[in-house]
Amino acid sequence: MQFLNSPPRFLFFTGKGGVGKTSIACASAIELAEAGKRVLLVSTDPASNVGQVFGIQIGNKITGIPAIANLFALEIDPQAAAQLYRDRIVGPVRGKLPDAVVKGIEEQLSGACTTEIAAFDEFTALLTDDALTAAYDHIIFDTAPTGHTIRLLQLPGAWSGFLEEGKGDASCLGPLAGLEKQRAQYKEAVEALANPERTRLILVARAQASTLREAARTHDELAGIGLSKQNLVINGVLPQSEATQDPLAQAIYAREQKVLSTIPEVLKNLPTDIIQLKPFNLVGLDALHLLLKDQVPVPDPSVSEFMPISLDAPNLSTLVDEIALDGHGLVMTMGKGGVGKTTLAAAVAVELAHRGLAVHLTTSDPAAHINETLNGTMDHLSVSRIDPHAEIERYKQHVMETRGAKLDDAGRKLLEEDLRSPCTEEIAVFQAFSRIIREAGKKFVVMDTAPTGHTLLLLDATGSYHRDIERQMGKTNTHFTTPMMQLQDPKQTKVLLVTLAETTPVLEAANLQTDLRRAGIEPWAWVINNSVAASNPHSPLLRKRAQNELHEIDLVANTYAKRYAVLPLLKDEPVGVEKLLMLSRHQ
């Protein structure tokens with residue numbers, strides 16, 4: 001594997017949920033440790049399963065891996081770190097500032113940005129404290145800091161009092177409160193990340209257009225802030241030997257090879273490794289030893305454990321039956337990148353329109369993507385795209401003309417800096433969505449690429465439209481509905497959480513569900529996309545993969561979801577109206 005050739009001291013594995021970061025990081029740590037290097041493996045992933053992979057309890061202390069000499073592991077608990085971080089920031093001002101201001105600060109510190117910053121705060125010492133890490137030749141991080149986190153850290157700290165005085169706008173800058181004393185240490189950490197002699201970033205993706213696009217965006221974002229030394233690992237590629245086993249395997253192989261031949265330009269020049277799809281769950285030392293090897297044992301097709309699976313689960317059409325009864329309303333698809341939100345939104349919209357119902361499908365993804373998925377038009381269906389760049393400029397201009405008009409030059413400069421924060425795009429796009437939401441009183445509006453629960457909390461709690469309208473209308477006047485109120489009303493809005501039947505995507509969807517509930521929004525249903533188990537494959541490798549999915553499907557059905565549906569992995573990409581209908585009705 002090229003990414004392990006002459007490795008520097010720090011190795012960071014980054015990528016979307018479910019692409020295999022943890023497994024590859026663990027396998028890499030084993031390989032280096034068995035080569036005689038002393039290795040510390042650190043996870044900062046909120047859905048970390050490093051301990052599960054090794055079959056031991058790790059937690060927030062450096063723990064030796066008994067079966068592997070020279071290998072030690074540490075799981076930073078981002079939620080616990082975030083709570084300590086909040087306590088450190090809010091504690092000194094509680095009782096000294098008005099309760100409303102304290103509550104505003106707490107809401108600023110309630111979301112994903114705080115978790116990212118707190119995790120970075122935890123492992124900064126591992127990058128900068130030589131005394132703490134002198135005993136290790138290599139430190140491997142499962143989940144690198146995102147460009148989003150580093151951009152936050154690079155913003156000035158003077159905004160803190162600025163927001164406390166009520167001059168700022170809703171943003172994700174709250175997590176930076178009180179960081180001025182640590183800025184020198186953070187600067188040193190970012191410099192370590194940007195030094196190719198000390199650090200190598202490994203982008204992990206799958207042979208799927210969506211995850212490679214995400215990898216390309218991550219590449220650009222990190223390279224733009226100086227983290228240019230990157231490798232690419234494409235994980236889980238179906239071996240050619242399986243392509244002869246059945247039509248599904250053949251179609252998957254052809255599809256993946258086509259994607260690999262059209263890899264995004266910015267990734268083409270990166271040192272690249274391809275890891276073949278394995279038939280087993282990547283848990284335990286035996287599995288980890290085989291992950292980075294091309295030749296692995298293939299399941300015996302005669303063994304009963306690998307017989308075809310008959311999965312009895314609801315299809316998407318079953319959910320649409322219930323949605324259609326209302327005659328109109330808002331349907332939102334939510335989920336992490338790469339799980340298929342756009343395809344699902346298009347499938348729901350097509351299924352509703354096919355029944356003669358008026359539907360508006362809207363997205364903030366590039367127009368070509370949604371148009372390619374539909375690949376045509378149909379009666380009763382209209383499609384629109386929100387341009388995030390245009391909406392950001394519109395939002396910035398509005399804020400500067402309203403809040404900014406009351407500020408002096410120094411205040412305006414801070415406000416402009418505030419508006420360069422990463423959450424500005426989500427807030428701006430949500431406001432554009434809000435203009436479309438009104439249509440849901442007369443027709444179905446299906447919304448792709450929805451704002452996160454953290455953004456919704458910020459909008460509702462700190463500056464937002466909902467509170468302003470409530471004040472303007474008065475408590476005695478109940479004849480008004482804001483977009484936030486509509487999202488919180490299950491009779492008007494149905495949120496579909498999209499995931500894959502794999503451990504990390506399911507955990508991330510569960511975390512998103514918790515985040516949404518804090519914002520007063522209850523997900524209506526879960527949709528498991530691209531399920532091998534629902535496809536009833538004949539390939540021995542795919543049959544074993546299907547067996548592995550059953551636990552995650554059961555977890556969604558019986559623990560997380562009030563209602564759910566399972567969509568199969570199809571031979572052909574679900575592109576075009578007819579194939580989208582087939583996808584939603586597959587049994």
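Q: How many helices and strands does the chain have?
A: Helices (H or I, at least four residues) and strands (E, at least two) are DSSP runs, numbered from the N terminus. In this chain they come to 25 helices and 15 strands. This is a predicted model, where local features need pLDDT of at least 70 and side-chain atom pairs count only at pLDDT 80 or more, while totals for chains, interfaces and linings use all residues. Residues are numbered from 1 along each chain as its sequence is written, and side-chain values use heavy atoms, leaving out hydrogens and water.

Q: What share of the residues counts as buried?
A: Buried means under 20% relative accessible area, exposed over 50%, and partly exposed in between (1.4 Å probe, protein chains only). Of the 587 residues here, 56% are buried.

Q: At roughly what angle do α23 and α24 cross?
A: Axes are lines fitted to C-alpha atoms, for helices over the stretch in contact, and angles run from 0 to 180 degrees between N-to-C directions. The axes of α23 (residues 503–518) and α24 (residues 540–560) come within 10 Å and cross at roughly 20°. That makes α23 roughly parallel to α24, the word used for angles under 35 degrees.

Q: Which residues make that contact?
A: Contact means heavy atoms within 4.5 Å. From α23 come T503, V506, L507, A510, Q513 and R517, and from α24 come E552, L555, V556 and Y560. By class, the contact has 6 nonpolar, 2 polar and 2 charged residues, where Ala, Val, Leu, Ile, Met, Phe, Trp, Tyr, Cys and Pro count as nonpolar, Asp, Glu, Lys and Arg as charged, and the others, Gly among them, as polar.

Q: Where is N536, and what is its phi near?
A: N536 is in the loop between β14 (525–531) and α24. Its phi is near 50°, a positive value in a residue other than glycine. With a relative accessible area of 36%, N536 is partly exposed.

Q: And S6: buried or exposed?
A: S6 counts as exposed, at 68% relative accessibility. S6 lies in the segment before β1 (10–14) and has a positive phi of about 45° although it is not a glycine.

Key:
Angles under 35 degrees count as roughly parallel, over 145 as roughly antiparallel, 65 to 115 as roughly perpendicular and the rest as oblique.
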